Amino acid sequence: MKLTGSYQINLEKQKVWDALNDSKILKKAIPGCEEFKKNSDTEFTATATNKIGPFNATFTGDIELKELNPPNSYKISGSGNSPVGFASGEASVTLEDYEGGTKLTYTVDANVGGKIAQVGSRLIDMTAKKMADIFFGKFSELIELQLDEANQDMNIEKQSLIKKDNPQN
C-alpha cells in the first residue's frame with residue numbers, strides 16, 4: 001500500500017523538526033498510542049490500539065529513524081505485531097520552508113498481513129489515510145499549542161521584568 005500527503009504547519013522548519021523527534025509529542029499524536037518509549041536518539045518502541053474494520057488491533061513494534069538530514073528530511077521505518085496480524089512500513093518525511101511556515105510532505109509504503117489483511121485493501125487504505133490525517137492534524141495542533149504556551153510564558157516574563165525595572169507600576 002502506498003500513501004502520500006502533505007501538510008502546512010505554521011511554524012519554522014527547525015521547530016517542526018524538533019517536534020518530529022520529540023517522543024512526548026509523538027506519543028500524543030499517534031492515534032491510539034498507549035506507550036511510546038525512546039530507546040535511543042533514533043530507535044523507539046510503541047504500543048497502539050486502533051480499529052481496523054471489525055478488528056480492534058493492539059500493535060506493539062519497533063520504530064527507527066534513518067537517513068537523517070536535519071532539519072530537512074528523514075526516513076522512519078517500523079514493524080509491529082498484534083494477535084490479528086502484522087504491519088510494517090517505511091515513510092519518507094520531508095520539510096521545506098513554505099509560505100511563512102513549513103510544508104511537511106510524506107510518502108508511505110506499508111504492508112499488512114494476517115487476519116487484518118482479509119478486510120480488504122480499500123478498507124485498510126482508508127484506515128491508513130484516516131490515521132495519517134489524525135496524526136498530522138494532532139501533531140500540528142500540539143506543536144502550535146506548545147509555541148503559544150512558550151509565547152505566553154515569554155510575555156509573562158517580559159511583564160515581570162518591566163515591573164522590576166519600573167517599580168511604580
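Predicted model: local features only at pLDDT ≥ 70, side-chain atom pairs only at ≥ 80, totals over all residues.
# Structural briefing: cavity, cores and backbone features

Glu99 has a relative accessibility of 66% and therefore counts as exposed, the cut-off being over 50%. A search of the whole structure finds one cavity of 30 Å³ or more, and the volume of the largest cavity is about 1200 Å³. The largest nonpolar core comprises 29 residues. Helix 3 makes the greatest contribution to the lining of the largest cavity.

**The cavity and its lining**

- The lining of the largest cavity consists of 43 residues, of which Ile30, Ile63, Ala87, Val108 and Met131 are the closest to its centre.
- Two or more lining residues come from each of the following elements: strand 3 (43–52), strand 4 (55–69), strand 5 (73–82), strand 6 (85–98), strand 7 (101–113) and helix 3 (121–165).
- With seven residues, helix 3 gives the most to this lining.
- By residue class, the lining of the largest cavity holds 28 nonpolar, twelve polar and three charged residues.

**Strands 2 and 3**

- Strand 2, which spans residues 33–38, pairs with strand 3 in the antiparallel sense, and the pairing runs over five bridges.
- Within this pair of strands, Cys33 has Ala48 of strand 3 as its bridge partner.

**Nonpolar cores**

- In the largest nonpolar core, which has 29 residues, the members that touch the most other members are Val16, Leu20, Leu104, Tyr106, Phe139 and Ile143.
- Helix 3 is the element that gives the most to this core, with seven residues.
- Beyond neighbours within four places in sequence, Phe139 is in contact with Ile9, Val16, Ala19, Leu20, Ile25 and Ala29.
- Another core, of six residues, lies apart from the largest one; its members include Ile52, Ala57, Val84 and Ile124.

**Ala19 in helix 1**

- Ala19 belongs to helix 1, residues 13–20.
- The relative accessibility of Ala19 is 3%, so this residue counts as buried, for which the cut-off is under 20%.
- When residues up to four places away in sequence are not counted, Ala19 touches Ile25, Leu26, Phe139 and Ile143.
- Ala19 and Ser140 are 121 residues apart along the chain, and 9.4 Å separates their C-alpha atoms.

**Ser23 in helix 2**

- Ser23 is found in helix 2, which covers residues 23–29.
- Ser23 has a relative accessible area of 19% and is buried because this value is under 20%.
- Not counting residues up to four places away in sequence, Ser23 touches Phe36, Lys38 and Phe44.

**Pro31 between helix 2 and strand 2**

- Pro31 is located in the loop between helix 2 and strand 2.
- A relative accessible area of 13% makes Pro31 a buried residue.
- The contacts of Pro31, leaving aside neighbours within four places in sequence, are Ala48, Thr49, Asn50, Met131, Ile134 and Phe135. Ala48 is also the bridge partner of Cys33, and Met131 is among the residues closest to the centre of the largest cavity.
- Pro31 and Asp133 are 102 residues apart in sequence, with 9.8 Å between their C-alpha atoms.

**Backbone geometry**

- Most residues other than glycine have a negative phi, and most peptide bonds are trans.
- Glu67, found in strand 4, has a positive phi near 50° and is not a glycine.
- At a relative accessibility of 57%, Glu67 counts as exposed.
- Glu99 is placed in the loop between strand 6 and strand 7. Its phi is likewise positive, at about 45°, although Glu99 is not a glycine.
- The peptide bond that joins Pro70 and Pro71 is cis, with omega about -10°. Pro71 is found in the loop between strand 4 and strand 5.

Conventions:
Residues numbered from 1 in each chain as written. Heavy atoms only, no water. 1 Å grid on protein atoms, 1.4 Å probe; cavity = no way out; pocket = protein on both sides within 12 Å on 5 of 7 lines; lining within 4 Å. Points joined across faces, edges and corners; volume = space filled by probe spheres on them. Helix = DSSP H or I, 4+ residues; strand = E, 2+ residues; numbered from the N terminus. Nonpolar A, V, L, I, M, F, W, Y, C, P; charged D, E, K, R; others polar. Pairing = 2+ DSSP bridges. Core = buried A, V, L, I, M, F, W, Y, C linked by side-chain atoms within 4.5 Å. Buried < 20%, exposed > 50% of the residue type's maximum accessible area, 1.4 Å probe, protein only. Contact = heavy atoms within 4.5 Å.
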